[in-house]
Amino acid sequence: MAPEVSRGSPRKRVSGTTPFRIGLTGTVAAGKSTVASDLADRGATVIDSDELAREVVRPGSPAYARIREAFGKGVIRPDGAIDRSALREAAFADEQARERLEEISHAGIRDLRARRIAEAAAAGVRVIVEEIPLLFEVGLEDDYDMIVVVDAPRELREARALGLRGWTAEEFAAIDAAQLAAAEKRRRADRVLDNRGDPAELSLAAGGLWREILRAAGGGGP
């Protein structure tokens with residue numbers, strides 16, 4: 001079984017009685033989305049920051065216009081939508097460009113996430129898992145009842161990014177370097193899932209995590 005590393009009990013509740021909020025983050029191509037999907041299958045409500053980011057920059061939105069102005073027509077597909085691959089390449093070409101993209105998109109993502117959380121709470125959801133690649137980098141760690149980091153050795157993550165996502169080695173290196181170091185993410189986490197094994201091992205570890213989440217959330221299902 002892929003090891004699950006614990007750093008003590010979950011932090012003091014920050015979100016009241018319900019919902020219990022999990023901040024799911026980790027290193028690039030470590031398997032965050034796989035863990036999020038597994039937890040969703042077990043009953044969690046998942047809010048994916050990448051999906052929010054796509055919605056925030058849809059054609060006609062204020063962020064879309066600002067991205068087109070900042071990065072040019074080269075990041076726009078023929079159908080008018082944002083070309084996320086081209087935008088990623090442009091944004092990670094230098095630090096100023098990356099910071100510009102973050103400044104444009106983060107406010108809209110934050111507002112949209114707040115609406116999703118409010119909707120889930122109104123519906124009586126007990127557990128929300130928020131998948132946020134840059135959770136530490138944008139200073140959100142105090143917003144959660146538990147922070148889970150998914151990690152794997154760099155060489156394995158690079159192989160996954162190139163083989164499964166079609167990235168270049170340069171793209172992977174730029175994105176990996178722009179994030180907080182893996183060791184620091186692990187240090188700040190409440191729980192760490194080490195995804196160096198096969199999918200069955202990761203699912204087994206996620207199952208153990210889910211049981212712990214339910215206990216921490218009060219013993220009931222979401």
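User: What radius of gyration does the protein have, and what would a compact globule with 222 residues have?

Analyst: The model is predicted, and its C-alpha atoms fill a box of roughly 50 × 40 × 25 Å along the principal axes. With 222 residues, a compact globule would have a radius of gyration near 17 Å, and this agrees with the value for the protein, which is 18 Å.

User: Which share of the contacts with a separation of 6 or more is accounted for by residues 24 or more positions apart?

Analyst: The chain forms nine helices and six strands, and buried residues make up 44% of the 222 residues. Among the contacts with a separation of 6 or more, the share accounted for by residues 24 or more positions apart is 75%.

User: How many residues apart in sequence are the parts that the pair of Arg21 and Glu130 ties together?

Analyst: The side chains of Arg21 and Glu130 meet in a salt bridge, with 2.6 Å from N to O. Arg21 lies in strand β2 and Glu130 in strand β4, so the pair ties together parts of the chain whose separation in sequence is 109 residues.

User: Which residue in helix α5 does Glu130 pair with?

Analyst: Glu130 forms a salt bridge with Arg113, their closest N and O atoms being 3.7 Å apart. Both residues are buried, and the pair links strand β4 to helix α5, where the partner is Arg113.

User: Which residues are joined with Glu184 into one network of salt bridges?

Analyst: Glu184 forms a salt bridge with Arg187 at 2.7 Å between the closest N and O atoms, and both lie in helix α8, about one turn apart. Salt bridges that share partners join Glu184 into one network with Glu141, Arg187 and Arg188.

Conventions
Residues numbered from 1 in each chain as written. Predicted model: local features only at pLDDT ≥ 70, side-chain atom pairs only at ≥ 80, totals over all residues. Heavy atoms only, no water. Helix = DSSP H or I, 4+ residues; strand = E, 2+ residues; numbered from the N terminus. Rg over C-alpha atoms; globule rule 2.2 N^0.38 Å. Buried < 20%, exposed > 50% of the residue type's maximum accessible area, 1.4 Å probe, protein only. Contact = heavy atoms within 4.5 Å. Salt bridge = Lys/Arg side-chain N within 4 Å of Asp/Glu carboxyl O.
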